[in-house]
Amino acid sequence: MKPSPDALAQRGSTRARSLEGIRVLDLTNVLAGPFCAYQLALLSAEVIKVEEPRRGDLARQLGADAQLNAEFMGASFIAQNAGKKSLALDLKTEAGRQAMLRLADTADVLIENFRPGVMQRLGLGQELLRERNPRLVVCAISGFGQDGPLSKAPAYDQIVQGLSGVMSITGDAHSAPLRVGYPICDTLGGLTAAFAITSALAGRERSGRGDFIDVSMLDSTLVTMGWVVSNFLIAGRQPQAMGNENFTAAPSGTFATADGPLNIAANRQEQFVTLARLIGRPELAQDLRFAEREARKRNRAELKQEIEQALASKPAREWEDLLAEHGVPAGRVLSVPDALAHPQVRHRDLLAHFDGATGIERGFDVVRAGFRMDSGRPDVASPPPRLGEHSAEILASLGYSPKEIGAMREQAVI
């Protein structure tokens, strides 16, 4: 089912077209790879999702709605596959392999997230693909990269969260190690891959040749851990779980108010002085325990107690408005539904709405990209595809006759 005409008209005039004319083959499953390809689709790349016939992407069966899972249109699949076409193709058959080679000859980018060595065993190794199509950018996303002692090991997000040290610093002294509440390593791997692919495409404009990109989810996670890693490497500080406290500053963390938690980040001296004044405790800025930055960090527990006593006089929303108005960073701790309904998020038009899709008779929303451009908004014009919805169309564009496509269907190649 198509988006509403009004929605299409609105998107058509503003849609970002940075990658228009770029054909991307998405051979990935579940999250890191599909999320990467979705970022490219948001910039108007033509993304063809190559899936195993009869089963497709495992994410088609994942999500909180059992009925959608049974329809192979699970919420987890819908979340990062809008704007793509689906080609059901059995790559383990010779006919499927040949069709894949012909398709790769027409592509600009191929993304896969099999374990290292699988594409080679399928007769679709990056050397062969790039020999046939020297302009092809091949991106392999895996848990640990294409080489090294863990390269062949299976990996899901939680495995990488544990091995990266993320879990060891999440929570507090009583609850750590704790898993981050969403698949952060998968998502970081996908974002890293999307960035690397667009970089390779830019480089191709100068060299005329594609590239091979080896993305490790473990590497992608570690390089985003910023000050946690650098404070260990440079200052020798052992990272530790500090709950909602910010180890670089105080007061900076989560504080109780009259009706709920409030995040405050008074990281600068002038922000702390302003905070103390606004909560009716200006003397805190003169107290030797709190007067300067390092002292506040040493005495953060006592400072938090003093601040929370003052914050207990008003609800979190009032404190948020007051502190933000005077330049002290502050914000309530919201639920996910409340965050999506926030006026700021609504104003930014982050969600794209579809009236439905093939086999889905109700409307749904998906998120767009986390950035804007003057040239247009990242967006997708079509809902997620049914498994194999575009198989005949894509094969016909490669020169397959209706008879050949029919035979491939009979032989379960598609």
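1. In β2, L25 finds its bridge partner in I48. That pair belongs to the parallel run of β1 (residues 23-27) alongside β2 (residues 46-51), joined by four bridges. Strands are DSSP runs of E with at least two residues, helices are runs of H or I with at least four, and both are numbered from the N terminus; two strands pair if DSSP finds at least two bridges between them.

2. A word on the basis: this is a predicted model, where local features need pLDDT of at least 70, side-chain atom pairs count only at pLDDT 80 or more, and totals for chains, interfaces and linings use all residues. Residues are numbered from 1 along each chain as its sequence is written, and side-chain values use heavy atoms, without hydrogens and water.

3. Stepping back, the open sheet has six strands in the order β3-β2-β1-β4-β5-β6, with parallel pairing. Because β3 (84-88) and β6 (212-216) are at the edges with a single partner strand each, one side of each has no neighbour in the sheet.

4. Helix α5 (residues 94-105) packs on the sheet and touches β1, β2, β3 and β4 (109-112); contact means heavy atoms within 4.5 Å. The direction of α5 makes about 145 degrees with that of β1. Angles run from 0 to 180 degrees between N-to-C directions, using axes fitted to C-alpha atoms, for helices over the stretch in contact.

5. Helix α9 (residues 184-207) lies across β4, β5 (137-142) and β6, and runs at about 160 degrees to β6.
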